[in-house]
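You asked for a quick read before you open the viewer. Here are my notes, in the order I would go through them myself.

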Amino acid sequence: MIEALRNFYEHENANVHRGLHMLSSRATEAYENARRSVADYIGAASADEIVFTRGTTESINLVAQAWGGKFIRKGDVILLTAMEHHSNLVPWQLLAERTGARLRFVPIRDDGTLELEKLSSLLTPEVKLFAFTHISNSLGTINPVAELCRKARAVGALTLVDAAQTVGHMPLDVRELGCDFLAFSGHKMCAPTGIGVLYGRAEILDSIPPWHGGGEMIVSVALEKSTFKKAPHRFEAGTPNIAGAIGLAAAIDYIEGIGRTAIFEHDSKLTYYAADRLTELPGTRVFGPKKERGALVGFVMDAAHPHDLTTFADQYGLALRGGHHCNQPLMRRFGISGTTRASFYFYNTTEEIDRMIEILQRAVGFFS
Ligand SMILES: Cc1ncc(COP(=O)(O)O)c(C=O)c1O
């Protein structure tokens, strides 16, 4: 990925879609090839269904503002779950405040899975959009996306999947899932920061007005009025993150070289192993389902606050994350202010988890 960025800046660096010189056509070709790579990677029907954004957060805000601004009215319902990251919660709160729409939430069981038996009473015809995470960034729960999308469609609701925790970690195909929108960030899958994607089904993207105005997204501009390009360019006003998109395509090649199935199997083994070993530690509570979970494990220890634990671990070169993980309502649901979280990827090993347990054992002694 770093080599791809370097190559871009050394040999192709120019703005896209505007210059007629060689560097600009090279940059445009690389940028649009990256869009095709992303489309193939997630099983989209066409590259036109891929909008480059700054990340998951911006992708969801795009839908909330542009789609929500056009289609959501007072009394409509946006259905979410009680495990959403703030980036799939706050944009809908803002939309609801602006339009008079209402929010509803699918509750969570103690084991960290969704209370799906409540879905039939929540997913009523007033629901215009069901937006939910594929994998919870705090619990590791993998939600049954295809089933949720099918049920939403049956009442005429669109679906938005927050795939921030998924795309680099397991195989994913938007047409198999049957979702209408899907959002993710490059930096969680070996790509640079500041690049992300909004996938939108073609006919839906085409029905949405622009959200940011400026250069690149127009067909013609007069002083009083403008006309706009089709999707996806209509949603990419101004100079895009060209290098970021090219870096994302290089990250995709890299991940595909390892294989997403192999990554998922490796990550799962590490996650189950870590969750098991954590229970050896006194006064430790591990969150989320026992099996079928994403590559992370959140826990609390009686010995110390998550911030103190992560600071302690950092002294041994162990990078944990402590806090609410942008999941404040979820933390409240479990009666805690935060957790300590270890997350795993293809480069981690069981020896590293053994080392983590040793360090946490030391922390128990230190804090008590
Ligand atoms: C499930 C989930 N959704 C959304 C986000 C937000 O991603 P970003 O900050 O890259 O926009 C994250 C990031 O931690 C996440 O884990």
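The points below go through the sheets, the helices, a few backbone details and the pockets.

1. A word on the source before anything else: this is a predicted model. Please keep that in mind for every point that follows.

2. Start with the seven-stranded sheet. Its strands are ordered S1-S7-S6-S5-S4-S2-S3, the sheet is open, and the pairing is mixed. At the edges you will find S1 (50–53) and S3 (102–106), each of which pairs on one side only. On average, neighbouring strands here are turned by 20° against each other, direction ignored.

3. Strand S2 covers residues 77–81 and S4 covers residues 127–133; the two run parallel and are joined by three bridges. If you want a pair to click on, Val-77 has Val-127 in S4 as its bridge partner.

4. The order is S10-S11-S13-S12, and the pairing is antiparallel. S10 (284–286) and S12 (321–323) are the edge strands, each pairing on one side only.

5. Opposite Val-297 you will see Ala-342 of S13. A helix sits on this sheet too: H11 (residues 306–314) packs there and touches S11, S12 and S13. The direction of H11 makes about 160° with that of S12.

6. S8 spans residues 218–221 and S9 spans residues 226–228; they run antiparallel, with three bridges between them. Ile-218 is bridged to Phe-228 in S9.

7. As a general rule, most residues other than glycine have a negative phi, and most peptide bonds are trans. Glu-216 has a phi near 75°, a positive value in a residue other than glycine. You will find Glu-216 in the loop between H8 (202–206) and S8. The bond between Ala-231 and Pro-232 is a cis peptide bond, with omega at about 5°. Pro-232 belongs to the loop between S9 and H9.

8. How do H9 and H10 pack against each other? H9 takes in residues 242–258 and H10 residues 260–278, and their axes are 6 Å apart at an angle of about 70°. The two helices are therefore roughly perpendicular to each other. On the H9 side the contact is made by Ile-255, Glu-256 and Ile-258, and on the H10 side by Arg-260, Ala-262 and Ile-263. By class, that contact has four nonpolar residues, two charged ones and no polar ones.

9. Now for the largest pocket, which holds about 680 Å³ of space. Its lining counts 31 residues, and those nearest the centre are Ala-164, Gln-165, His-187, Lys-188 and Arg-341. Helix H3 (56–71) and strand S13 (339–343) each supply at least two lining residues. H3 gives the most, with four residues. As for the make-up of the lining, 15 residues are polar, 10 nonpolar and six charged.

10. The second largest pocket has about 320 Å³ of space. It is lined by 17 residues, with Leu-318, Ala-319, Leu-320, Ser-343 and Asn-348 closest to its centre. S13 and helix H13 (350–367) each supply at least two residues of the lining. Which element gives the largest share of this lining? That is H13, with five residues. By class, the lining divides into nine nonpolar, four polar and four charged residues.

Conventions
Residues are numbered from 1 along each chain as its sequence is written. This is a predicted model: local features need pLDDT of at least 70, side-chain atom pairs count only at pLDDT 80 or more; totals for chains, interfaces and linings use all residues. Side-chain values use heavy atoms; hydrogens and water are left out. On a 1 Å grid over the protein atoms alone, a cavity is a set of points where a 1.4 Å probe fits but cannot get out, and a pocket is an open set with protein on both sides within 12 Å along at least five of seven lines; lining residues have an atom within 4 Å of a point. Grid points are joined across faces, edges and corners, and a volume is the space filled by probe spheres set on the points. Ala, Val, Leu, Ile, Met, Phe, Trp, Tyr, Cys and Pro count as nonpolar, Asp, Glu, Lys and Arg as charged, and the others, Gly among them, as polar. Two strands pair if DSSP finds at least two bridges between them. Axes are lines fitted to C-alpha atoms, for helices over the stretch in contact, and angles run from 0 to 180 degrees between N-to-C directions. Angles under 35 degrees count as roughly parallel, over 145 as roughly antiparallel, 65 to 115 as roughly perpendicular and the rest as oblique. Contact means heavy atoms within 4.5 Å.
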